[in-house]
Amino acid sequence: MTADVLVVGGGAAGLWCAEGLARGSGLRVLVVEKTPRTGTKILASGGTRCNVTTTLGPSEAAALFGPKGARFLRHGFQTLTPLDVRERFESWGVPLDEAPLQKVFPASGNARDVRDALLGATQGAGAELVLDAPVEFVRRENGTWVIGTASGARYAAPRVVLAAGGLSYPKTGTTGDGYAWLRELGLGIVEPVPALVPLRSPAEWVHSLTGIAWQGGEVTLVDGEGKKVAQRSRPILFTHKGVSGPGAMDVSHHVSAARRNGMTGPARFRLRFDAFPALSREELRAAFVGAAGSPGNPKVQRVLGTMATGPMPRRLFDAFAEEAKVPTDVVVGGLSKSLRHALVETLKGLDVPIDGTLGWDQAEVTAGGLALKHVNPRTMAVNGHDGLFVIGELLDVNGPIGGLSFQAAFATAELAALAIRG
Ligand SMILES: Cc1cc2nc3c(=O)[nH]c(=O)nc-3n(C[C@H](O)[C@H](O)[C@H](O)COP(=O)(O)OP(=O)(O)OC[C@H]3O[C@@H](n4cnc5c(N)ncnc54)[C@H](O)[C@@H]3O)c2cc1C
């Protein structure tokens, strides 16, 4: 079967691109999807609420992808801004709401509305879908791109857009198939590693804090040599395996990449947890001294609750107190100068040992992928391979939690669609 454009993968990027290609263009666009349904990750995203983009402006949003990612995505995020994404979904009948931490969700709180709107728009624009069709090869034959599926079907077109995703959440259909096709074409792949994934800790005391969340903290990832690798001010959640929540997950690709960067044996990091980043050590000390002079001589745990967005959970306070060697039921008036010092130091930097991540099954995205040097950042065209475009998570870009992965998928898809339409 022949088409004007083949899109491999019917996920966020593939559908967005197919819609943009087909809308009013008269192009025959064929989306070839491995699984029986499209947009599976959209359905699973944001705890099934789908954090569809960000309230940040294009430059601020792109900057969160690190210097290399920001340079690559800048043009895409200017061409399809986060606001454009919001307007597009609203025009497809999906009202959106802003949420804390610069997030944007469908007002219904239902990811299905986002997937259905994108799929409806794609089909409404005239793109055709071939489902349950795992692509096995992508090659160029006599100047035409040819893809072959597991059933033996072959599709040909002068242009092909690869949107097969990465390796995260492989049970949704993304098993890294695109890397092999790209390698066969002689293109470089930055070794994919799990990103936006919970961190694993070997420490029993960490596991004993399971279920405890802390909203206003800051985490710093420190490597085995004491070097600060990354920092993030986002909530964390202790789990029976280690630490999860956006704060921990946002820095996780550095742990995953340790082996890629030459580390042997188990990854050894510390997640330094500052429970009160908005307060300096001096301000914390002064707060304790001030509270000691107040009537009632409250317990330290209660005083801490008044300095945070909410009460400090008992078990979390106990972890700080034990680390600082402060009695857990101590009252502020009972804190000697040295104990106060020890407690403040611990509150500003509790070291959580980290020895890995929970891996691909729990990773929301992939870090690594097609090396960006091969791709034109204005068009997503692959240099030296006429008619080949790569978009979405298959590219070597990854950002933090907060609707940024979809923003990157949609923006790269938009660029490819615009470039192909001419
Ligand atoms: C649990 C979870 C929650 C998430 N929450 C959010 C969130 O709230 N906000 C956010 O911005 N991002 C979120 N993400 C990340 C986001 O889903 C991805 O970054 C985004 O879907 C990437 O889009 P993509 O189109 O490149 O890849 P995908 O959406 O993964 O789509 C790739 C498609 O290609 C298909 N495919 C793979 N191999 C083949 C093949 N051989 N032949 C044919 N088709 C193939 C796959 O089946 C899939 O349909 C979340 C991810 C997960 C796993």
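Modeller: A helix here is a DSSP run (H or I) of at least four residues, and helices are numbered from the N terminus. The model is predicted.

Biologist: Which residue takes a positive phi just after H1, and at about what angle?

Modeller: H1 covers residues 12–22. Just after H1 comes Gly24, with a positive phi of about 65 degrees.

Biologist: How many residues of H1 are buried?

Modeller: The buried residues include Trp16, Glu19 and Leu21. They pack against strand E1, strand E2, H2, helix H6, strand E10 and H15. H1 is largely enclosed by the rest of the structure, because its buried residues number eleven of eleven.

Biologist: Which element gives the largest share of the shell around the ligand?

Modeller: There are 37 residues around the ligand, and Gly9, Gly11, Gly165, Gly173 and Gly392 come nearest. The elements giving two or more residues to this shell are helix H1, helix H2 and helix H15. The largest share is five residues, and it comes from H2.

Biologist: How many residues of the shell around the ligand are charged?

Modeller: The shell holds 15 nonpolar and 16 polar residues. The charged residues number six.

Biologist: Is Gln102 buried or partly exposed?

Modeller: Gln102 sits in the loop between strand E4 and strand E5. Its phi is positive, about 60 degrees, although it is not a glycine. A residue needs 20 or more other C-beta atoms within 10 Å to be buried and is exposed at 12 or fewer. Gln102 has 18 C-beta neighbours inside 10 Å, so it counts as partly exposed.

Biologist: Is Met380 buried or exposed?

Modeller: Met380 lies in the loop between strand E21 and strand E22. Its phi is near 65 degrees, a positive value in a residue other than glycine. Because 30 other C-beta atoms lie within 10 Å, Met380 is buried.

Biologist: Are H13 and H14 parallel, perpendicular or oblique to each other?

Modeller: H13 (residues 314–324) and H14 (residues 337–347) have axes 9 Å apart and pack at an angle of about 125 degrees. Roughly perpendicular pairs run from 65 to 115 degrees, and roughly antiparallel ones are over 145. H13 and H14 are therefore oblique.

Biologist: How many residues of the contact of H13 with H14 are nonpolar?

Modeller: H13 brings Phe320, Glu323 and Ala324, which meet Ala342, Leu343, Thr346 and Leu347 in H14. In this contact one residue is polar and one is charged, while the nonpolar ones number five.

Biologist: Is the crossing of H13 and H14 left-handed or right-handed?

Modeller: The axes of H13 and H14 lie 9 Å apart. Their crossing is right-handed.

Technical notes:
Residues are numbered from 1 along each chain as its sequence is written. This is a predicted model: local features need pLDDT of at least 70, side-chain atom pairs count only at pLDDT 80 or more; totals for chains, interfaces and linings use all residues. Axes are lines fitted to C-alpha atoms, for helices over the stretch in contact, and angles run from 0 to 180 degrees between N-to-C directions. Angles under 35 degrees count as roughly parallel, over 145 as roughly antiparallel, 65 to 115 as roughly perpendicular and the rest as oblique. A crossing is left-handed if the near helix is turned anticlockwise from the far one by less than a right angle, and right-handed if clockwise. Two residues are in contact if their C-beta atoms, placed from the backbone, lie within 7 Å. Ala, Val, Leu, Ile, Met, Phe, Trp, Tyr, Cys and Pro count as nonpolar, Asp, Glu, Lys and Arg as charged, and the others, Gly among them, as polar. A residue is near a molecule or strand if its C-beta atom, placed from the backbone, lies within 6 Å of it.
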